[in-house]
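Hello,

Here is the structure I promised to hand over. Please have a look before reading my notes below.

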Amino acid sequence: MMIDENIVTKAIATRFFHKFLDSVELDVAIVGAGPSGLTCAWRLAAQGFKVAVFERKLSLGGGMWGGGMTWNEIVVQEESRHVLDEAGVPVFEFAPGYFTADAVAASVTLASKACLAGARIFNCMSVEDVCMRGEGEDVRVTGIVVNSSPVEMAGLHVDPLALSCTYLIEATGHAMEVLHTLTRKNGVRLKTPTGEVMGERSMWADTAERTTPENTREVFPGVWVAGMAANACFGGYRMGPVFGGMLLSGEKAAREIAAKLRG
Ligand code: 48H
């Protein structure tokens, strides 16, 4: 068969823009394709919700690829290993209650589960702002503002585009970019004890693993926090290369948002 470059170009443009146009009105927009965002996307897409993940980088998996200090193994606990088991990632017991998995296998498999469940993945696309509606008690985030990551990296003055969503999930990890932008630009108060982003604390893995799922919740009308961002938002500790809390956080966000979407 002869390859016609024009058909290749038309195929890419047609398919991409079909995918993008079909994502302009989303049930859930997930910002960040780390372990919490991917788990959440997988769980929501598997239930038929219209969900898209926006990831600044080319690759999916966030901070999971490198395990601890680039030694590419991760640790999960008994309570969370079911997520990796269900995905098909081999896990090995190292000591009673401590399981390891290959960080690369975990990253690519969670990414695959999310994609194949039907989540739309927009890699190389950064979320730079949110859409707001209402005043006072009625104020709500109603969408995301996206730009091409290379545009962002080059510092080019190119205006973004906006997409709407019923719920936005901040799963951007330590940086917690969406909430910082939301509070800085709009002076709004969050549903945290201080009304503000409380910031991440130092390492205390046991406590951090417990609080990550606990802190996974709606922090502003229309905005949920998941993963490391949830802990950072509520002033939680960090946990190093223990990833169970990230998986459970993604699961919890998906479960509770699915219940809300079903009404
Ligand atoms: C688009 C963005 C934007 C943006 C960031 O950091 P992540 O892996 O997130 P989590 O919370 O699922 O997992 C955290 C885990 O990896 C970790 O860091 C742990 C356990 N640390 C413990 C410790 O002690 O250090 O992934 C977040 C993703 C990344 O891929 C970013 O590129 C992406 O979000 N991202 N994507 N628009 N504005 N900001």
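A polar side-chain atom of histidine 174 is 3.1 Å from an oxygen atom of the ligand. That is a polar contact, meaning a pair of N or O atoms within 3.5 Å. Glutamate 177 places a polar side-chain atom 2.8 Å from a ligand nitrogen. For glutamate 55, an N or O atom of the side chain lies 2.6 Å from a ligand oxygen.

On its own the ligand has 800 Å² of accessible area, and the protein covers 92% of that (Shrake-Rupley method, 1.4 Å probe).

Some background. The model is predicted: local features need pLDDT of at least 70, side-chain atom pairs count only at pLDDT 80 or more, and totals for chains, interfaces and linings use all residues. Residues are numbered from 1 along each chain as its sequence is written, and side-chain values use heavy atoms, leaving out hydrogens and water.

Now the shell. There are 27 residues around the ligand (a heavy atom within 4 Å). Ser36, Glu55, Gly63, Arg238 and Gly240 come nearest. The shell holds 11 nonpolar, 11 polar and five charged residues (Asp, Glu, Lys and Arg are charged; Gly counts as polar). Strand 7 gives the most, with three residues. Strands here are DSSP runs of E, at least two residues; helices are runs of H or I, at least four.

Last, the salt bridges (a Lys or Arg side-chain nitrogen within 4 Å of an Asp or Glu carboxyl oxygen). The count is 11. One of them joins lysine 191 and glutamate 218, 3.4 Å from N to O. Lysine 191 is in the loop between helix 6 (177–186) and helix 7 (205–214), and glutamate 218 is in strand 10 (residues 217–220), so the pair ties together parts 27 residues apart in sequence.

Best wishes

Technical notes: A polar contact is a pair of N or O atoms within 3.5 Å; within protein, one must be able to donate a hydrogen and the other to accept it, and residues adjacent in sequence count only if both atoms are side-chain atoms.
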